[in-house]
Amino acid sequence: DKLNTGISLKDFYPDKTASEIIGHIINTPSAIRLEFADFSGVISGFDNTCLENLTRNCPNLKQLTIPFAKINGDALKHLKNVPKLQILNIRFCKGELEDDALKHIRETPFLRILDISYSLCFQPKGDALKHLEKIPNLQILNISGCRHLEPDALKHVKKTPQLYSLD
């Protein structure tokens with residue numbers, strides 16, 4: 001099944017927007033089996049609606065890569081629809097997430113890798129990283145370029161039991 005590979009969806013849909021790609025995916029019978037969704041290089045439009053539609057229709061996602069997505073508010077609440085998620089990459093994210101948006105990460109207990117580097121939509125302040133303590137399998141966290149971290153913000157990260165890589 002060509003949709004169940006680790007290849008960027010841009011390679012299969014070179015001239016489509018994120019919304020058009022998701023529309024195609026969710027209208028195929030194999031959508032429920034989709035485990036890898038990589039939107040790297042997709043030119044436009046991964047937003048809250050895309051995240052909701054993709055996660056609602058593809059509950060077996062294990063890896064989601066949505067760099068440069070424009071997600072806002074409490075968009076990460078849709079991650080509850082993909083409890084098997086192991087890798088979430090929202091680097092260079094645009095938009096504005098709520099200050100406590102990472103609380104929704106708790107809905108993904110198998111998450112091993114989280115990349116929020118250089119995300120404009122999320123600049124963790126104060127206790128924002130406290131929610132990561134509740135992710136028992138988190139091993140790799142990339143927060144490079146998150147310039148608004150307060151000096152003691154990393155105190156919560158050191159309580160994450162499996163974390164071995166912090167960038």
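Trainee: What relative accessible area does Arg56 have?
Mentor: This is a predicted model: local features need pLDDT of at least 70, side-chain atom pairs count only at pLDDT 80 or more, and totals for chains, interfaces and linings use all residues. Residues are numbered from 1 along each chain as its sequence is written, and side-chain values use heavy atoms, without hydrogens and water. Buried means under 20% relative accessible area, exposed means over 50%, and partly exposed lies in between (1.4 Å probe, protein chains only). Arg56 counts as partly exposed, because its relative accessible area is 46%.

Trainee: Which residue meets Arg56 in a salt bridge?
Mentor: A salt bridge puts a side-chain nitrogen of Lys or Arg within 4 Å of a carboxyl oxygen of Asp or Glu. At 3.3 Å, N to O, the partner is Glu52.

Trainee: How many residues apart are Lys62 and Glu35?
Mentor: Lys62 forms a salt bridge with Glu35, with the closest N and O atoms 3.9 Å apart. The pair links distant parts of the chain: Lys62 sits in the loop between α3 and β2 (63-65), Glu35 in the loop between α2 and β1 (36-38). Lys62 is partly exposed at 28% relative accessible area, and Glu35 is partly exposed at 24%. The separation is 27 residues.

Trainee: How many salt bridges are there in total?
Mentor: Lys77 also forms one with Asp74, the closest N and O atoms being 3.4 Å apart. Lys77 is partly exposed at 31% relative accessible area, and Asp74 is partly exposed at 28%. By this rule the count is 3.

Trainee: Asp115 is buried and has no salt bridge, so which side chain of opposite charge is nearest?
Mentor: Lys and Arg count as positive, Asp and Glu as negative; His and the chain ends are not counted. Asp115 lies in strand β4 (residues 113-115). Contact means heavy atoms within 4.5 Å, and beyond four places in sequence Asp115 touches Leu88, Asn89, Ile90, Arg91 and Asn142. The nearest side chain of opposite charge is 4.5 Å away and belongs to Arg91.

Trainee: What order do the elements of the chain follow from the N terminus?
Mentor: Helices (H or I, at least four residues) and strands (E, at least two) are DSSP runs, numbered from the N terminus. The chain has 3 helices and 6 strands. Their order is α-α-β-α-β-β-β-β-β.

Trainee: What arc do the buried residues of α2 cover?
Mentor: In helix α2 (residues 18-26), Ala18, Ile21, Ile22 and Ile25 are buried. The arc is that of the directions from the helix axis to the C-beta atoms. What covers these buried residues includes α1 (9-12) and α3 (48-57). They lie on the same side of α2, because their arc is only 95°.

Trainee: Which elements do the buried residues of α3 pack against?
Mentor: Cys50, Leu51, Leu54 and Thr55 are buried in α3. They lie on the same side of α3, because they cover an arc of only 115°. They pack against α2, β1 and β2.

Trainee: What accessible area does the nonpolar patch of Phe68, Phe92 and Tyr118 have together?
Mentor: Patches take residues with over 30% relative accessible area and no salt bridge, joining like charges within 9 Å and nonpolar side chains (Val, Leu, Ile, Met, Phe, Trp, Tyr) within 5 Å. Areas come from the Shrake-Rupley method with a 1.4 Å probe; for residues, only the protein chains shown count as cover. Tyr118 is partly exposed at 42% relative accessibility, and Phe92 is partly exposed at 34%. Together, Phe68, Phe92 and Tyr118 have about 310 Å².

Trainee: What is the phi of Phe68?
Mentor: Most residues other than glycine have a negative phi. Phe92, in the loop between β3 and β4, has a positive phi near 60°. Phe68, in the loop between β2 and β3 (87-89), has a positive phi of about 65°.
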